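Thanks for coming. I have one structure to go through today, so please look at the sequence and the model as I talk.

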Amino acid sequence: MSLDRFYPIFDGLPWLERMLPLGVKLVQLRIKDTPEDALRRIVPQALALCRAHGATLVVNDHWRVAIDAGCDWLHLGQEDLDEADLPAIRRAGLKLGVSTHDEAELERALALSPDYVALGPVYPTILKKMKWERQGLERVTEWKARIGDLPLVAIGGMSVERAAGAFAAGADVVSAVTDITLNADPEARLRAWIGATR
Ligand SMILES: Cc1ncc(COP(=O)(O)OP(=O)(O)O)c(N)n1
Ligand SMILES: Cc1nc(C(=O)O)sc1CCOP(=O)(O)O
Ligand SMILES: [Mg+2]
């Protein structure tokens, strides 16, 4: 299995509709504060859209919805893992990415045999308040040495300009949100990402 090196994260269908035609091949749907009945309408549409564009959809957090929609990939953080039914997720054939921020979280993630490990925030992020300010590129190198062939996703404050450094440090995939969504020209920025990562 090989993941695209560019992994944008969006919070709804309108972003997917805008960005998938530009060539995104791996994308996360990260929707917060939305009732489950709405998610049950949105996720199948997101999946159909991604499949139509030959892209892999990763659903964040909502593992029950992802199972029921027949999704292929799920991303869970450490708090999500506390309440997720991992055997049910695996029985449904979902591949799993797990967030990590420190040694203990990495140990826990590796014990689950995930399909990728994410490390963050590599740089400070403005998307959400976090207990960790910045991991730095040395930590990316350390994580890659620890996880070997397992894909490593670098996330947090990533930009087109910072992507090469993260790859050089050992990241296999770079993930970004606000570098695209808050850009004055998100389409141009997304094209720049694709140019920098393919
Ligand atoms: C690729 C990737 N890495 C990390 C996260 C963060 O997941 P989590 O810690 O569960 O936080 P939320 O995104 O759910 O707020 C992610 N979503 N994707
Ligand atoms: C959703 C998320 N998870 C992180 C982690 O470290 O686990 S950092 C992050 C935010 C990424 O957004 P941006 O690219 O705008 O910084
Ligand atoms: Mg989560």
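Helix α7 passes helix α8 in a right-handed crossing. This is a predicted model, so please keep that in mind for everything I say. The α7 helix covers residues 137–147 and α8 covers residues 160–169; their axes come within 8 Å and cross at roughly 35°. Which residues make the contact between α7 and α8? On the α7 side they are L137, V140 and T141, and on the α8 side G165, A166 and A169. Sorted by class, the residues of this contact are four nonpolar and two polar, with no charged ones.

Next, the sheet. Eight strands form a closed barrel, in the order β1-β2-β3-β4-β5-β6-β7-β8, and the pairing is parallel. From one strand to the next, the twist averages 25°. As a reminder, strands of a sheet pair through backbone hydrogen bonds, either parallel or antiparallel.

Take one pair as an example. Strand β3, residues 56–60, runs parallel to strand β4, residues 73–76, and three bridges join them. Within that pair, N60 has H75 of β4 standing opposite.

Is I67 buried, exposed or partly exposed? I67 counts as partly exposed, because it has 18 C-beta neighbours inside 10 Å, and buried would take 20 or more. Leaving out residues up to four places away in sequence, I67 touches A88, I89, A92 and L94. R5 is 62 residues from I67 along the chain, and the C-alpha atoms of the two are separated by 25 Å.

Last, the ligands. Around ligand 1 there are 15 residues, and those that come nearest are G77, S99, A118, I155 and S175. The shell of ligand 1 divides into three nonpolar, eight polar and four charged residues. Ligand 2 is also surrounded by 15 residues. Which of them are the closest to ligand 2? They are G120, T125, G156, V177 and T178. By class, the shell of ligand 2 has six nonpolar, seven polar and two charged residues.

That is what I have for today.

Note on methods:
Residues numbered from 1 in each chain as written. Chains lettered and ligands numbered in written order. Predicted model: local features only at pLDDT ≥ 70, side-chain atom pairs only at ≥ 80, totals over all residues. Axes fitted to C-alpha atoms, helices over the stretch in contact; angles between N-to-C directions. Helix = DSSP H or I, 4+ residues; strand = E, 2+ residues; numbered from the N terminus. Left-handed = near helix turned anticlockwise from the far one by under 90°. Contact = placed C-beta atoms within 7 Å. Nonpolar A, V, L, I, M, F, W, Y, C, P; charged D, E, K, R; others polar. Near = placed C-beta within 6 Å. Buried ≥ 20, exposed ≤ 12 C-beta atoms within 10 Å, placed from the backbone. Pairing = 2+ DSSP bridges.
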